[in-house]
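Biologist: Please take a close look at a single residue in this model. Then set that residue in the context of the whole chain.

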Amino acid sequence: MLSSVQVVRIRNALQSLYDHKMTIREMTKTTRANHSTEFTPTVVVQDAPCRLSFRNSPSTTNDDPAQISQTTRLFYAPEITIKEGSQIEVTHNGVTTLYKRSGTESVYDTHKECEIE
């Protein structure tokens with residue numbers, strides 16, 4: 001078990017690596033004037049520091065041996081909660097990428113992480 005001092009040190013070290021910014025949009029249910037409902041993306045977190053990690057894996061099927069899949073993992077502060085299915089916009093070096101869907105969060109004392117698509 002880590003002491004609170006160790007957690008703070010590790011967390012500060014991890015957060016010093018956050019070189020991206022993210023905006024999180026959750027789908028919220030709204031009711032129109034005609035009483036129909038729709039889901040619209042609503043910003044719940046804007047310009048929060050984060051970091052992306054990429055992992056490439058070769059295909060395991062014989063159909064297309066040249067196919068490679070990529071897993072994208074997002075790291076961020078433990079105070080932030082990202083609901084499954086949220087849209088996440090990540091900006092790094094002036095380039096913005098919109099990820100259409102987030103997975104389940106993994107929660108640690110020092111950070112949170114989730115896969116995004």
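**Arg-11 and its surroundings**

Modeller: Beyond its neighbours within four places in sequence, Arg-11 is in contact (heavy atoms within 4.5 Å) with Ala-77, Pro-78, Glu-79 and Thr-110. The model is predicted: local features need pLDDT of at least 70, side-chain atom pairs count only at pLDDT 80 or more, and totals for chains, interfaces and linings use all residues. Numbering starts from 1 along each chain as its sequence is written, and side-chain values use heavy atoms, with hydrogens and water left out.

Glu-79 also meets Arg-11 through a polar contact between the two side chains, at 2.5 Å. Such a contact is a pair of N or O atoms within 3.5 Å; within protein, one must be able to donate a hydrogen and the other to accept it, and residues adjacent in sequence count only if both atoms are side-chain atoms.

Arg-11 sits in helix H1, residues 4-15. Helices (H or I, at least four residues) and strands (E, at least two) are DSSP runs, numbered from the N terminus. From the N terminus, the order is α-β-β-β-β-β-β-β. The radius of gyration is 17 Å, well over the 13 Å that the globule rule gives for 117 residues, so the protein is more spread out than a compact globule. That radius is taken over C-alpha atoms, and the rule is 2.2 Å times the number of residues to the power 0.38. Along the principal axes, the C-alpha trace spans about 55 × 45 × 30 Å.
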